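The report below covers selected helices, ligand surroundings, annotated positions and backbone features of one model.

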Amino acid sequence: MAVNEHAAPVGSTSQSATSSQSNSGSTCENPSDFARKARRYQPYHQQFRVNLPDRQWPDRYIETAPAWCAVDLRDGNQALIDPMTTERKKRMFQLLVDMGYKEIEVGFPAASQTDYDFVRSLIEEDLIPDDVSIQVLVQCREHLIERTFQSLRGAKQAIVHFYNSTSTLQREVVFGLDKDGITDIATQGARLCLKYAADLTPETAIRYEYSPESYSGTELEYALEVCSAVAEVIKPTPEWPLIINLPATVEMAGPNVYADSIEWMHRHLPNRESLVLSVHPHNDRGCAVAATELAVQAGADRVEGCLFGNGERTGNVCLVTLGLNLFSQGIDPGIDFSDIDEIKRTVEHCNQLPVHERHPYAGDLVYTAFSGSHQDAIKKGLEHLERKAADAGQPVDDTTWAVPYLPVDPRDLGRSYEAVIRVNSQSGKGGVAYVLKTEYGFDLPRRMQLEFSHVIQQHTDAVGTEVSAEAIHDIFRTEYHPDYQRQQRLVIGAQSASSNRDGTVVVDVDVTVNGKEQKISGSGNGPLSAFVDALTGIGINIDVRDYTEHALSAGHTAQAAAYVECAIDGQTVWGAGVHPDIVRATMRAVASALNRA
Ligand SMILES: CC(=O)SCCNC(=O)CCNC(=O)[C@H](O)C(C)(C)COP(=O)(O)OP(=O)(O)OC[C@H]1O[C@@H](n2cnc3c(N)ncnc32)[C@H](O)[C@@H]1OP(=O)(O)O
Ligand SMILES: CC(C)C(=O)C(=O)O
Ligand SMILES: [Mg+2]
């Protein structure tokens, strides 16, 4: 990608007079049809410019959460194939309230009887908590404004959100009006709101929000002019502020350009202390989250968006991602995301749209690692965290989170670690070992992990799909458990072990070797070496290279797991044995290795 510094957004904020079709598109000599079509599109900076050479937002950090307004029941709902039924709307409203949203746009009551009735039912059934304001949207048209206020009768408080389009394009093609004509629609809308509010106050505390809809396609000086004109009608005060909402109705430029425009408005809006500066980013370029965060750095106080980014076309900005981005930086978002799966299920039910498996923070796969090096690092990271917590004498949940590849602890969002590591052909020893340890308690020695991961690799290469924890356990058993192994070269029967005064251990064991039963005995400095000695006596030569054991489960049913690494006939193999008696577990581990050799 080449960058032309002179084309960066500097200079006048007015619509560029030089917006000629200078976009050269492809540079190749015979551009394809598709490449030629790129010339139909005009770069944003040739249409709109923001003069802000001393921009401050790049050096700012977000330190507290903005005010949130959830617009799922309006912008989200108007974008659904089948708009929500009343049952689904109520569930969405309840979810938003339970999560902690204090401003909720509940519909466009003048648009349809369904929307009107829903607002009425929220009020009449007393479903709105005292600290929650419902918000309703309306165009600047008298009959719609009148009906909107009728819908609010009996509410304790409400925000009336009126809007009209201000973009250069809509002024020309939709309204056929010049700037003054568009400003008249806005100011007339403001006056009508004040007129119809008189019927409701003081019983209902009304606040106002004004949106120059299609702000992202509006020259900044004009956006400032129309917002200022509306504010002059409403006459807000710091105690009774007007919300000025600057929507990226269509996301037409990069997030830096939106941030520049918000900082410019933030600096230029008169009587700023009496205004709440709100943003409403859509996601047409896929940058809505970035645009919102930079806009907050640039001075926005409030954010409108939808859970999981539902909304017109590519959606509104995702409130879940925004909230959890803050959370992952140590900032309380003011919203409860502690049961992310329940939130997801409810939203999927209400919208009748699935949430993508890779959706930030909430997708089914976002805390899952398939690839070997990620699994290895996660396993080590979780173990390190546990050690850190134990050293500090505190619960893991209170310990500073730092695990590779996991920006947040899935458990903070109500997820378990179960799905963190899943195994397929991209996986390595760490992942397989993690599954065996967390699901079945087997803590394999490092070199054995390597050996077993090759066994799993052969399986995943052959089947080409993911292998479940249960299947990994089955394969482990077939590979190492003496009773399940394909080859049963050595089967151990009754056995006894005793110690002499000098510490020598003597074992007597009934064994079946290649189908032939026999009694063997041997001695050594422990049961393992005594058993190996006994086997040497019948011509089976085993050189034990490594040995580990651990308890498999707690309580009176405790089992011991033993692992041995043996050199047999010039081959190094691992064996594993499980038994309540550690001596027997060890002998079974030796038999397991021999059977595999
Ligand atoms: C970016 C957004 O999401 S904005 C919100 C959009 N949401 C919706 O529109 C959903 C609900 N809307 C509706 O159901 C309908 O639009 C209704 C019921 C509100 C109104 O329907 P209609 O009266 O048929 O009008 P419609 O919406 O088509 O608007 C067309 C007329 O209103 C004018 N108009 C549109 N928006 C506005 C506005 N905000 N303020 C004033 N006039 C407006 C248009 O210029 C046009 O005028 P014309 O007929 O003289 O050419
Ligand atoms: C009504 C306005 C705020 C809107 O939804 C938009 O511009 O996207
Ligand atoms: Mg919108």
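The expected span is 1.5 Å times one less than the number of residues. Helices (H or I, at least four residues) and strands (E, at least two) are DSSP runs numbered from the N terminus. This is a predicted model, in which local features need pLDDT of at least 70 and side-chain atom pairs count only at pLDDT 80 or more, while totals for chains, interfaces and linings use all residues. Residues are numbered from 1 along each chain as its sequence is written, and chains are lettered from A and ligands numbered from 1 in the order in which they are written.

Ile472, Phe476, Glu479 and Tyr480 of α16 are buried. Viewed down the helix axis, the buried residues of α16 fall within an arc of 75 degrees, so they line one face of the helix; the arc is that of the directions from the helix axis to the C-beta atoms. Glu470 and Thr478 are exposed and sit on the face of α16 turned away from its buried side. A residue is buried if 20 or more other C-beta atoms lie within 10 Å of its own, exposed if 12 or fewer, and partly exposed in between, with C-beta atoms placed from the backbone. The cover over the buried residues of α16 includes α14 (429-440), α15 (446-463), β14 (571-579) and α18 (582-596).

One of these covering elements, α18, has 15 residues that should span 21 Å at 1.5 Å a residue, and its end C-alpha atoms are 21 Å apart, in agreement.

**Ligand surroundings**

A residue is counted as near a ligand if its C-beta atom, placed from the backbone, lies within 6 Å of it. Ligand 1 is surrounded by 17 residues, of which the closest are Phe108, Ala111, Gln139, Cys140 and Asn164. At least two residues of this shell come from each of β4 (157-165) and α6 (168-175). The shell around ligand 1 has nine nonpolar, four polar and four charged residues. In this classification Ala, Val, Leu, Ile, Met, Phe, Trp, Tyr, Cys and Pro are nonpolar, Asp, Glu, Lys and Arg are charged, and the others, Gly among them, are polar.

Around ligand 2 lie Asp75, Leu137, Tyr163, Ser211, Glu213, Asn245, Pro247, Thr249, His280 and His282. Strands β5 (205-213) and β6 (242-248) each supply at least two residues of the shell around ligand 2. Its classes are three nonpolar, five polar and two charged.

**Annotated positions**

An unreviewed UniProt entry lists residues 66-341 as "domain: Pyruvate carboxyltransferase". UniProt positions are given in the numbering used here, feature names are shortened, and annotations may be inferred rather than shown by experiment. The span 66-341 is 43% helix and 19% strand, and its end C-alpha atoms lie 24 Å apart.

The unreviewed UniProt entry also places a "binding site" at Asp75, His280, His282 and Asn316. These positions are spread over 242 residues of sequence, yet they cluster in space, with a largest C-alpha distance of 10.3 Å.

His280 is in strand β7 (residues 275-281). Contacts are pairs whose C-beta atoms, placed from the backbone, lie within 7 Å. Leaving aside neighbours within four places in sequence, His280 is in contact with Ser211, Asn245, Pro247 and Glu304. His282 lies in the loop between β7 and α10 (288-297). With residues up to four places away again not counted, the contacts of His282 include Thr249, Arg313 and Asn316.

The table gives C-beta neighbour counts for selected residues.

| Residue | C-beta neighbours within 10 Å | Class |
|---|---|---|
| His280 | 31 | buried |
| His282 | 24 | buried |
| Thr187 | 20 | buried |
| Glu146 | 15 | partly exposed |

**Backbone features**

Most residues other than glycine have a negative phi, and most peptide bonds are trans. A cis peptide bond joins Thr201 and Pro202, with omega about 5 degrees; Pro202 lies in the loop between α7 and β5. Ser214, not a glycine, has a positive phi of about 65 degrees and lies in the loop between β5 and α8 (220-234). Tyr405, also not a glycine, has a positive phi of about 70 degrees and is found in the loop between α13 (372-392) and α14.

Key: Contact = placed C-beta atoms within 7 Å.
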